[in-house]
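Biologist: I would like to learn how to read salt bridges in a model. Can you take me through some cases?

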Amino acid sequence: MIPITEYAGRDVAVFGLGRTGLSAAKALKAGGARVHAWDDNEETRNKAEAAGLTLSDINKRDWQTFAALVLSPGIPYKFPAPHRIVRMAEMTGVPVVGDMELFARAVQSLPERGRPKIIGITGTNGKSTTTSLIGHILKQAGRDARIGGNIGTGVLDLAALHANAVYVLELSSYQLDLVKSLHCDVAVLLNMSPDHLDRHGGMEGYQAAKMRIFQNQQKGDVAIVGFDDVITQSIAIGLSGQGKARVVHASSTYALGRGVSAIDGKLYDNQSGKAEFIGNLAECPALPGKHNHQNAAAAYAACRALGVEHGVIMAGLKSFPGLPHRLETVGTIDGVRFVNDSKATNAQAAEQALKAFKNVYWIAGGVPKAEGIEPLAPLFPNIAKAYLIGAAEDAFANTLKGKVALQKCGTLENAVAAALRDAKAAGEEGAIVLLSPACASFDQFRDFEHRGDVFRSIVQSMMPAELKVMA
């Protein structure tokens with residue numbers, strides 16, 4: 001835990017008691033603050049009490065006594081409208097901060113020589129894989145790497161601050177909306193496409209939130225920017241013009257004049273202006289597809305920025321085990337491979353999966369995003385048949401009609417059974433049953449992890465006993 005001493009002896013409100021809210025409340029208490037923690041959801045409050053937190057209904061407190069409101073990132077801050085608790089804070093002049101801002105201030109309060117290194121990673125897609133990949137490489141290199149933020153462990157639940165540590169932090173746009181003081185020694189922006197627009201008032205607000213990862217960088221820092229979409233290309237050029245942090249481009253599409261490229265699966269470092277072959281990403285089984293090759297290029301650049309040797313990075317890329325729910329192979333039955341990409345909650349993420357494979361028996365559907373699946377039309381030839389589930393079933397069927405063979409299945413269990421039947425009947429080598437829904441999961445599942453876990457369980461229930469042990 002990282003104790004937060006800034007508010008020692010003062011009253012602090014904490015609203016939203018999920019993973020980050022709980023860790024913030026405990027860190028504030030450990031630092032001597034009088035914590036008033038609350039959540040509107042009774043079940044969440046009960047879980048917080050069971051975790052040892054004392055509750056205090058901030059709706060009934062005198063807000064003039066609060067030194068700050070610590071807001072969980074999932075609670076609306078500005079758009080589509082500020083939550084009533086945020087409005088209450090604004091009316092009484094109480095500053096609103098998030099757990100990442102508390103962390104940032106704790107770091108900045110240390111003497112400069114006593115501060116750890118911070119690598120921040122954001123983007124619309126690929127954040128979790130790249131964060132985990134950087135952390136894995138650094139640990140393989142013998143560094144004291146602590147991985148958290150929007151992935152796994154809340155930032156304030158990580159081990160206490162230490163000058164030799166490296167904090168590798170996944171940063172969501174919601175978290176970045178609430179930071180002012182965060183200084184990333186290495187800041188990574190992977191890509192940018194429309195997402196969470198309701199929470200940011202449109203694309204301009206979403207981009208502004210993502211750009212906050214660079215706001216406190218200065219000479220000596222490194223900004224790594226994906227160069228494979230027009231928005232991040234523009235951002236990279238703009239940052240280079242500012243002359244602050246050194247800007248490194250990362251691409252799996254372009255052979256960059258200066259930067260790190262992964263062209264046709266071959267990784268090249270051209271930061272010095274002379275291309276150096278680093279390794280073959282085909283030897284990295286957990287990183288299939290162009291999107292993962294860009295993740296690998298960005299991770300390579302981040303680790304090089306901290307002085308890790310080329311060969312050590314490549315060894316880490318090869319040994320990376322991958323993440324659940326992100327192009328995760330969960331089993332093979334009669335030559336048919338089942339891939340869990342439940343994390344693909346929008347068309348852009350599903351696009352990467354469909355690019356990675358041919359002969360795909362595609363399971364899609366759930367709560368659809370605004371763009372639907374029309375942007376995926378160029379990849380329809382990779383789909384042998386689509387199996388549609390959930391609330392998006394009819395809308396997706398209308399998009400695919402006459403272009404891709406399809407079946408409305410309603411449930412994930414029906415879709416898996418139908419896809420296996422058809423793939424086996426076709427008898428073609430290399431068939432992939434791919435769960436890459438291009439949708440949120442909340443119509444039938446708690447979250448994308450639950451959806452992926454159910455998919456894995458269904459597949460394993462269909463496997464012969466001797467294969468279940470190997471899965």
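Modeller: Keep in mind that this model is predicted. Start with Arg34 and Asp11, whose side chains form a salt bridge with an N to O distance of 3.1 Å. The two residues sit in distant parts of the chain, 23 residues apart. Arg34 belongs to strand β2 (residues 34-38), and Asp11 to strand β1 (residues 11-15).

Biologist: Is Asp11 buried or exposed?

Modeller: A residue is called buried because its relative accessible area is under 20%. Asp11 has 13%, so Asp11 is buried. Arg34 is partly exposed, at 43% relative accessibility.

Biologist: Which residue does Asp144 meet in a salt bridge?

Modeller: Asp144 pairs with Arg146, at 2.8 Å from N to O. Check the accessibility again. Asp144 has a relative accessible area of 34% and is partly exposed. Arg146 has 12% and is buried.

Biologist: Where in the chain are Glu328 and Arg456?

Modeller: Glu328 lies in strand β14 (residues 328-333), and Arg456 lies in helix α15 (residues 448-462). They are 128 residues apart, so look for distant parts of the chain. A salt bridge joins Glu328 and Arg456, with their closest N and O atoms 3.0 Å apart. Both Glu328 and Arg456 are buried.

Biologist: Which residues are linked in a network of salt bridges?

Modeller: Glu6, Glu101 and Arg105 are linked in such a network.

Biologist: How many salt bridges does a search of the whole structure find?

Modeller: The search finds 16 salt bridges.

Key:
Residues are numbered from 1 along each chain as its sequence is written. This is a predicted model: local features need pLDDT of at least 70, side-chain atom pairs count only at pLDDT 80 or more; totals for chains, interfaces and linings use all residues. Side-chain values use heavy atoms; hydrogens and water are left out. A salt bridge is a side-chain nitrogen of Lys or Arg within 4 Å of a carboxyl oxygen of Asp or Glu. Helices (H or I, at least four residues) and strands (E, at least two) are DSSP runs, numbered from the N terminus. Buried means under 20% relative accessible area, exposed over 50%, partly exposed in between (1.4 Å probe, protein chains only).
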